[in-house]
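Subject: Structure handover

Hello,

Here is the structure I said I would pass on. My notes on it follow below.

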Amino acid sequence: MLRGCVVQLPFPSTAAPDSRLSDYYLAYDQAFRSFLPEYFIPADGLWEMPLWVAHLTALLDTAGIDSTFQDLSRIPADAAACTEPLMAATKPGDLVLCSPLAQNFRLALEVAGHLEAAGRRVVLGGNMAPLAPEGSVHLVHRGQLDTRFVRRLVALDYSRRASEKPFVKGLSEERITWMPDYRHLGGYRGQVPLLRLNASHGCLYECAFCGDAWSKSLTLVDRKALEAEVDDLATRFPDTRLIYIGDKTFGQSREAVRNLIDVFCDRPGYRFIVQTHVLQVKQQVLDQMQELGVVAVELGFESADSGMLKRLGKLSRGLDHYTGRIRELSDAGFKVVLNLMGGLDEETEESHRVTLDWLDENRDRLWLFNLYNFVPYPLVPDFPRLRGRIFDWDFANWREDAPVVYRPAYLTPQRSWELFHEKVATAHRIVRGGLAGALAATSDSEAR
């Protein structure tokens with residue numbers, strides 16, 4: 001029988017976080033826990049299970065490939081340290097499958113070199129995989145995992161270096177009928193503050209800066225498969241009742257939303273975080289969020305410069321429309337979390353100032369911010385356009401908490417980084433202010 005070893009590599013970047021971002025996320029953590037006391041940020045290890053492991057495990061099962069799991073996330077990010085347990089856990093001819101991010105991509109290639117020399121066959125997936133040099137691994141997979149991919153593995157068809165799911169724009173006629181298999185992730189019980197669940201995969205929007213925009217399509221999870229996955233999660237992680245809905249854009253599919261509501265209608269006690277696009281914030285979707293039990297909504301904001309975002313492919317009806325949707329979410333009782341991004345290619349001093357002014361004007365309706373500095377990952381639609389301006393090819397520096405690795409159109413990389421830190425400082429001030437107000441309200445309530 002063909003054997004496969006699924007590998008979670010360590011992350012070198014966690015060893016040297018940006019201090020200003022770290023300080024901000026301490027306030028983030030405190031604000032989150034003041035509203036959801038069961039939430040926590042793990043002091044050691046990953047804050048979220050590597051869900052791709054469960055998906056890949058299930059697909060390997062459908063192909064009759066026996067799989068094991070090596071979680072190396074807590075060991076030193078060193079090629080020798082990672083290679084040793086993988087050599088002990090595998091034999092020549094075995095498949096070794098990993099999905100590195102930019103920060104551990106070079107590590108993955110170094111480990112792959114040792115494994116390939118010892119007769120193992122390395123399969124690489126993830127958003128960095130297309131940059132793997134020719135001959136560095138047996139197979140590169142780009143795109144959503146599916147049964148076509150595992151059929152190639154069973155056939156040992158490595159005649160083509162790359163495996164890729166064909167892109168079919170729009171809502172796919174296919175359904176994901178298999179459920180992720182969490183048997184390798186039991187060790188995360190009680191170690192992660194939330195679970196991630198998908199009722200659909202992909203996104204119909206094509207924002208040029210988004211690492212998920214490559215899909216250009218939406219594939220729904222079959223209702224029965226979704227229900228079976230929730231049953232399994234409830235059994236394996238009975239004490240975790242906070243669920244992050246991983247659908248890139250909640251509300252794009254009425255069927256996906258309805259499936260979630262129906263599956264959880266007789267499961268009290270769960271609370272949900274969703275992410276969506278401003279154009280999906282409509283009364284019907286707000287009603288469905290309340291019916292499901294959503295408590296927080298993440299909204300892609302990036303910048304208050306709607307003109308810049310439009311040039312970068314993000315559909316919008318302008319800043320006033322966005323402000324109105326924020327008000328509707330807040331008035332409906334949802335906590336609003338903005339995804340705020342620095343380092344965008346067409347950012348200017350003026351667009352940055354407009355963004356900071358807007359944040360201050362709307363601070364009373366904003367709860368938290370997810371802060372990112374743009375990284376030109378190879379699956380980002382803008383990658384071909386920006387590739388010639390990338391000056392730093394040390395992938396350890398391709399971090400969303402570090403300076404940009406390319407030359408933006410209107411700012412120097414250094415100035416872009418300075419502006420990002422100004423965004424961090426503004427977000428930190430707003431979160432601290434909101435937290436102080438919440439704690440004061442709690443004290444007043446207890447005094448009465």
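Predicted model: local features only at pLDDT ≥ 70, side-chain atom pairs only at ≥ 80, totals over all residues.

Y24 and Y28 both sit in helix α1 (residues 19–35), four residues apart, which is about one turn of the helix. Helices here are DSSP runs of H or I with at least four residues, strands are E runs of at least two, and both are numbered from the N terminus.

Residues are numbered from 1 along each chain as its sequence is written, and side-chain values use heavy atoms, leaving out hydrogens and water.

On aromatic pairs: rings of Phe, Tyr and Trp (its six-membered ring) pair if their centres lie within 6.5 Å, and planes under 30 degrees apart count as stacked, over 60 as edge-to-face and the rest as tilted. The count by this rule is 18 aromatic pairs. Y24 and Y28 have ring centres 6.1 Å apart and planes at 70°, so they are edge-to-face. F374 and Y406 also form an edge-to-face pair, at 5.7 Å centre to centre and 85° between the planes. F374 lies in the loop between β15 (368–373) and α12 (383–386) and Y406 in the loop between α12 and α13 (413–447), so this pair ties together parts 32 residues apart in sequence. F374 is buried at 4% relative accessible area, and Y406 is buried at 0%.

Ring pairs also link Y24, Y25, Y28, F32, F35 and W367 into a cluster.

Regards

Technical notes:
Buried < 20%, exposed > 50% of the residue type's maximum accessible area, 1.4 Å probe, protein only.
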